[in-house]
Amino acid sequence: MHLKSFAVAALAAVIAAGVASRLPAKAPVPQAAVAHTSLKVGDTAPDFTLLDNKWKPVHLADFRGKKTVVLAFYVLAFTEG
Amino acid sequence: MQAYQADRQKLEAADTVVLGISIDSPAANNAFAEKLGVTFPLLSDMNRKVLKQYGILKLYNVEKDEYEWAQRTTFVVDKQGVIQHVEEGTSAVNPNSAIAVCTTLHKK
């Protein structure tokens, strides 16, 4: 190992140790830990029934054989997107 | 959601309906729909059942507390009930690729 890369590795180790010592014993789960959907193209869309904004139930399977459906999951009402 | 409303003619031409879904109450979603002028349904997944089914329940840290609501995600489901397109995160805000998939499906 070259002296320079050794120095970089040693510095990284010192920084990592420093950061680790500052973390609480039970660190909060970071957002990056969130699982992404395991559903993929070719899977059957899980069926559901949910209330729409007029309190009427909407059943995904009712569109079967009739319409293509875009399911647009958004974060919260009154936010962007 | 506004972008889907703006593209409603393309969606109708592709024989496609849009369902917006969030954890908000029907009352909140209705106020949101009225504010945006959205005419497609906004669905309430208040118990987060569908978010769990679809694997897109995301943990958010707000003011030292933790909350779970949706990761921004778009799925296109064809007329046979099969998923034809999945888009997660900020890119899912733009509906163009989802609409392109719907248009292609319609031409088949």
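Predicted model: local features only at pLDDT ≥ 70, side-chain atom pairs only at ≥ 80, totals over all residues.
**View 1. Chain B as a whole.** Let's start zoomed out: chain B has 5 helices and 6 strands. Follow chain B along its sequence and the pattern reads α-α-β-α-β-α-β-β-β-β-α. Its C-alpha atoms fill a box of roughly 50 × 30 × 20 Å, taken along the principal axes. Of the 108 residues in chain B, 43% are buried. Take the contacts in chain B between residues at least 6 apart in sequence, and 34% of them join residues at least 24 apart.

View 2. H3 of chain B covers residues 26–36, and its buried residues are B:Pro26, B:Asn29, B:Phe32 and B:Ala33. Why do they sit on the same side of H3(B)? Around the axis they cover an arc of only 120°, and that puts them together on one side. The general rule behind this kind of spacing is that an α-helix has 3.6 residues a turn, so residues three or four places apart point the same way. Look at the face turned away from the buried side and you'll find the exposed residues B:Ala27, B:Glu34 and B:Lys35. Just after H3(B) comes B:Gly37, with a positive phi of about 75°.

**View 3. What the buried side of H3(B) packs against.** The partners here come from both chains: strand E1 (49–51) of chain A, plus strands E1 (16–22) and E2 (42–44) of chain B.

**View 4. A closer look at B:Phe32.** This residue is found in helix H3 of chain B. Is B:Phe32 buried or exposed? It's buried, because 21 other C-beta atoms lie within 10 Å, and the cut-off for buried is 20 or more. Set aside its neighbours within four places in sequence, and B:Phe32 is in contact with A:Ala77, A:Phe78 and B:Leu42. As for B:Thr73, 41 residues apart from B:Phe32 along the chain, the two C-alpha atoms are separated by 19 Å.

**View 5. Where chain B meets chain A.** The contact takes in 56 residues from chain B and 41 residues from chain A. On the chain B side, E1(B) gives the largest share, with 7 residues. Sort that side by class and you get 31 nonpolar, 16 polar and 9 charged residues.

**View 6. Strand pairing across the two chains.** Here E1(B) pairs with strand E3 (residues 68–73) of chain A, in the parallel sense and over 6 bridges. To find your place, look for B:Val17 in E1(B), which has A:Val69 standing opposite.

Methods: Residues numbered from 1 in each chain as written. Chains lettered and ligands numbered in written order. Buried ≥ 20, exposed ≤ 12 C-beta atoms within 10 Å, placed from the backbone. Helix = DSSP H or I, 4+ residues; strand = E, 2+ residues; numbered from the N terminus. Arc of directions from axis to C-beta. Contact = placed C-beta atoms within 7 Å. Nonpolar A, V, L, I, M, F, W, Y, C, P; charged D, E, K, R; others polar. Pairing = 2+ DSSP bridges.
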